[in-house]
Every structure is written in C-alpha cells, then in structure tokens.
Amino acid sequence: MVEEVQKHSVHTLVFRSLKRTHDMFVADNGKPVPLDEESHKRKMAIKLRNEYGPVLHMPTLKENLKEKGPQNATDSYVHKQYPANQGQEVEYFVAGTHPYPPGPGVALTADTKIQRMPSESAAQSLAVALPSQTKTDVNRTAPSGSEYRHPGASDRPQPTAMNSIVMETGNTKNSALMAKKAPTMPKPQWHPPWKLYRIWDLASGKLKLSLTGHISTVRGVIVSTRSPYLFSCGEDKQVKCWDLEYNKVIRHYHGHLSAVYGLDLHPTIDVLVTCSRDSTARIWDVRTKASVHTLSGHTNAVATVRCQAAEPQIITGSHDTTIRLWDLVAGKTRVTLTNHKKSVRAVVLHPRHYTFASGSPDNIKQWKFPDGSFIQNLSGHNAIINTLTVNSDGVLVSGADNGTMHLWDWRTGYNFQRVHAAVQPGSLDSESGIFACAFDQSESRLLTAEADKTIKVYREDDTATEETHPVSWKPEIIKRKRF
C-alpha cells in the first residue's frame, strides 16, 4: 500500500528550506576565535623575550612610569619587579625612543602616545651612545651595583638589574612585529614619442657664422651663460675661448699633452674644466688662463667631464671603466665608481634631482650624489654610447655609435621609444653614428649631431595619446642587477 505524501503549502516549504540553510551555515568554522586577553598577554610576553631579550634589561623613561601610574598598568605589558631591584629607582634612561600617536590624525597627548622600544640593532647603537649623555655621566653603575655594560655582551647584566619595563602597543598588535610591505616598482610616467622634425644640412642650410682656428677635429663646444664667450676643444690639444661679440679667439689654455675630448663650465664660478686623452682633467681659471688643478688618477683617456654647483662639483668618466667624483678645492678624488665593465664615454646630470647617469656599452647606470650610491641599471642599448642628455620632465636620451637613439623614463628606467634615423642620401651606412645630442632651452626640441654631416631636430608628437602609444610596462624586480 502506497503511503500518501503529505502536501504542504509553498510558504511552508520555503521557510523549511530557509531553516535548513540557516542550520547548515550557522557554524562558521572560518570565523576567527575570540581573543582571550590572558593568553594574548602571555603570547606577547614570550615574543618580547624572544625578540627583545638583549635589550629587556635596559630601563625606560622615569617620566613615563610616573605619568601612567599603577591605574594604567593593566593596559600595558608590565614585567614584574625582580627581588634584586625592588625599592630602587631607575637612574638611566633610553634616548631615541620618541613617543608617537597610535594612528594618523590622532593628537599626541599623554593618553595616546606610544613609546616604541628599540630593535636589537638600534639598542646596540643606543648603548654605545649612553656613556656620552650628561644625565648618566655622574653614575656609571647599574642600580644593582654592577658595572654598566653594553647589551649583547657575554657578561651583560640580566633582567634583574632593572625596576620595571613598560611597553605599550597600538590596538592589540605590536607595530614592531608587523610584516614588512612587499617591494614594489613605481609605474613609469607616460611620455609622448618624439619624431623627426627637421634636418639641417651643412651644405644647403643657412649658415650664420663659422669660427675657424682649430687644425684638427673639434671634440667639444660650450657657450657660457655668464659672459658672451664660447669655449672649444679639439684633437689638436688646444682649448680656445672665443668672444662672440668680435667672433675671434681671445684666450688659449695650454697644458694638455694629447687630444682634448671634452669640457664643461662651472655654473657659479669662472672655472673651466677639460678632460684629455693624457688621462687627466684640468681646471682652468677662465680669466687668467692659469691651471688651478690637474686632476690625475685615471689610467686611460678621460672621455667626459661634468660640473655642478653642489658637492661633488666635478664628475669624470674614463676609458679605464671608472667614474671619479672630485673635490674641487683639494683637487683630489672623493669617490671612485668601478661598477662599469667597459669604457664610460658619457655622463649627464639631472637638472632637478641630485642624481646622474653614466653611459657605457655594458649598461646605462644611474647614481645618487654625493657618494655615488648605485640606483639602477638601464639595460637594452647594446652599443657604444657616445652621448647622454636629460630634460626636466625626466626624459633621458642615449645616442650610440651605430645610429640608434633610445629614450628612457628617468625615474623607472623604462625604455619607451627607440629611434634609428635613416642615413641621408650620399652617405654610407657606417656613417649613422650619433656623436652628440642636447635639448634646447625650452626642452621642447631635441637636437642630434650625426656622422652623416647632418644636425637633426626632433620634437614630441602632438597627436600621440596614452591610448595610441600605451605604456608596455612589465616590472622585473627579480631580474634587476644589483651592481
């Protein structure tokens, strides 16, 4: 006999289903266990002993203990008094543990301030600095009568040599025990691509002025911003000063024993610096033509030199693969950078940041003044780099001996454009090298001097947008070289 199934209304069935669902999910196993205050205090006490054991015996500020008093002792992690030190006052204090509020936007008051205990490495330096403080010069012994010793030593005093240590934390977790944030690479800034704007040919272009005087290749030219002078140097060992009002040479600077490869003017004083194939750089007084210093130390030809107002005031790059930062007053080397593996032919200083870059066939490297700290490598321009230039927007341009030109984002080292201009009619394919490049005063145009006897002018593409030329950026944190 078939048993009849009892029929229920839709309303009843829906509520039965809801009840089953509720019973199924009411026991949330993923929900965190409620925090037990007693076990949390024990856990933090164990962590403090394991991680800050060498500095737990160091006393805290006497003023903090007086401010908090016994009524707030339960809110902190207080270590009990030891029998050897009961009834004695703390005479020493730890300097450098500055109070700070528990979170952003919170006023720093006596109730909200947090006193962070130093880490083990910081405590070592604090202990070394303690004997020099005036408040502890009078008495050099610990409260227990034993001599004060640095933490971490084999015969350092045990925690019995202190009255009590109070360590306060924001919320329930110690900020010193929080995990560090994973390293990230900043996304490169978008720069519009540059396009060829005009080619100025020496044969057909309108020439305003021609200065003749050198008897060999001219390797460097610079115009003074302080006076109407132009300075030039060449492979004929000569350094000349031209007066642009009269268009003639007014001074010669004699002293180099071989070809002069580069020159630069100091931005604030009347000093000219030249570098030569004789492995030296020379500092000249512009007006008296006297040789102030001869900077010797390189073991091969010095290919490039740059000056700045801040220290170090002179930077040189050489074919001996080194970069030297010089002390202008003493005429001696401050720092020698040996990271490059091949000749350094170009150095450029950032117009706004306290950094510079150097170009070599192995890499373009960025450095930080004043000690030449390495920042990062800009890899990918695998050629002999003859010239570097950078503008205030952070566009770094590198020109190479094979006619290629790469444009980089200075901050991230992202290579956002590569240019290889066509060789002009009548020139050989081998005549496509870029000898020099520079931005004009407005930094809106880029000029290059090339081996095919042309000067090319580039400017930003006005029609380019972030959609038409997106940033193809892939961070390579692991692959970045650290030398």
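The structure is predicted, and local features need pLDDT of at least 70, side-chain atom pairs count only at pLDDT 80 or more, while totals for chains, interfaces and linings use all residues. Residues are numbered from 1 along each chain as its sequence is written, and side-chain values use heavy atoms, with hydrogens and water left out.

**The sheet**

Begin by selecting strands E18, E19, E20 and E21, which form an open sheet in the order E18-E19-E20-E21 with antiparallel pairing. E18 (346-349) and E21 stand at the edges with a single partner strand each, so one side of each has no neighbour in the sheet. Neighbouring strands of this sheet are turned by 20 degrees against each other on average, direction ignored; the axes are lines fitted to C-alpha atoms, for helices over the stretch in contact, and angles run from 0 to 180 degrees between N-to-C directions. Strands (E, at least two residues) are DSSP runs, numbered from the N terminus, and two strands pair if DSSP finds at least two bridges between them. In general, strands of a sheet pair through backbone hydrogen bonds, either parallel or antiparallel.

Next, select residues 364-368, which make up strand E20. Four of its five residues are buried, where buried means under 20% relative accessible area, exposed over 50%, and partly exposed in between (1.4 Å probe, protein chains only).

Thr 355 has Lys 368 of E20 as its bridge partner. The two strands form a hairpin, with four residues between them.

Gln 366 stands opposite Gln 376, and Ile 364 stands opposite Leu 378. E20 and E21 also form a hairpin with four residues between them, and Gly 372 in the turn has a positive phi of about 70 degrees.

**The cysteines**

Finally, select Cys 233, which is buried, with a relative accessible area of 0%. The whole structure contains zero disulfides, a disulfide being a pair of cysteine sulfur atoms within 2.5 Å. Cys 437 also counts as buried, at 9% relative accessibility.
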